[in-house]
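Have the model open beside the text as you read.

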Amino acid sequence: MTTYEVESIASVVGGHTRVQDDYQGGVQSVIRLNQGYPLETLQGIEEFSHLTVTWRFHLAQPEDVQLHARSPRGNPQWPATGTFVHRNHRRPNQLAISYPRLLGVEGRDLLVTDLDAVDGTPVVDLAPYFEEMGPRGTVRQPAWPSEMLATYWRDVSERS
């Protein structure tokens with residue numbers, strides 16, 4: 001296998017303080033660009049409403065990786081699906097992609113909401129979200145992701 005060395009370009013500051021499966025909405029956090037990058041690398045980003053953020057599940061361990069089919073969230077009502085059908089830390093490179101809303105820019109700080117990463121998360125890539133780069137055509141998926149994620153973006157204040 002080919003391996004790659006990737007360095008973080010930023011880190012998440014604030015926001016979620018613990019890993020959780022649901023109630024990700026309504027939490028603000030900051031994506032703080034590392035000092036090694038000039039401010040002009042962010043020039044023009046404030047014109048966009050959303051970002052594409054690639055980040056690492058830094059609290060996960062290598063032994064968390066599971067290379068077999070399993071039911072999402074351990075729920076036997078949902079079909080066993082392969083490792084690359086899940087979107088969690090159990091995949092080999094333990095990477096995630098999120099699309100938070102950009103609320104503002106202050107120097108190296110990008111104020112965002114709806115970023116489902118926790119405080120301290122390393123960000124390995126960052127770009128504005130372009131509608132034209134999103135999915136083309138009708139999006140198709142089985143019923144279980146909608147069932148599983150029914151409360152994923154519910155506001156954190158609604159958590160009981």
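Predicted model: local features only at pLDDT ≥ 70, side-chain atom pairs only at ≥ 80, totals over all residues.

Residues are numbered from 1 along each chain as its sequence is written, and side-chain values use heavy atoms, with hydrogens and water left out.

Start with the largest pocket, whose volume is about 1,300 Å³. Here a pocket is an open set of points on a 1 Å grid over the protein atoms alone, where a 1.4 Å probe fits, with protein on both sides within 12 Å along at least five of seven lines; lining residues have an atom within 4 Å of a point. Of the 46 lining residues, R87, N88, D116, L149 and Y152 are the closest to the centre of the largest pocket. The elements giving two or more residues to this lining are β3 (51-56), β4 and α1, and β4 gives the most, with four.

Now for the charged contacts. The structure holds three salt bridges, each a side-chain nitrogen of Lys or Arg within 4 Å of a carboxyl oxygen of Asp or Glu. In one of them, D109 meets R32 with the closest N and O atoms 2.6 Å apart. This pair links distant parts of the chain, from strand β6 (residues 109-113) to strand β2 (residues 28-33), 77 residues apart. D109 counts as buried at 19% relative accessibility, whereas R32 at 35% is partly exposed; buried means under 20% relative accessible area, exposed over 50%, and partly exposed in between (1.4 Å probe, protein chains only). R101 forms a salt bridge with D114 at 3.1 Å between the closest N and O atoms. R101 lies in strand β5 and D114 in the loop between β6 and β7, so the pair ties together parts that are 13 residues apart in sequence.

Turn next to the rings. There are four aromatic pairs, counted where ring centres of Phe, Tyr and Trp (its six-membered ring) lie within 6.5 Å; planes under 30 degrees apart are stacked, over 60 edge-to-face and the rest tilted. Y99 and Y129 pair edge-to-face, 5.6 Å centre to centre with 85° between the planes. Y99 sits in the loop between β4 and β5, and Y129 in the loop between β7 (122-128) and α1 (144-148).

Technical notes: Points joined across faces, edges and corners; volume = space filled by probe spheres on them.
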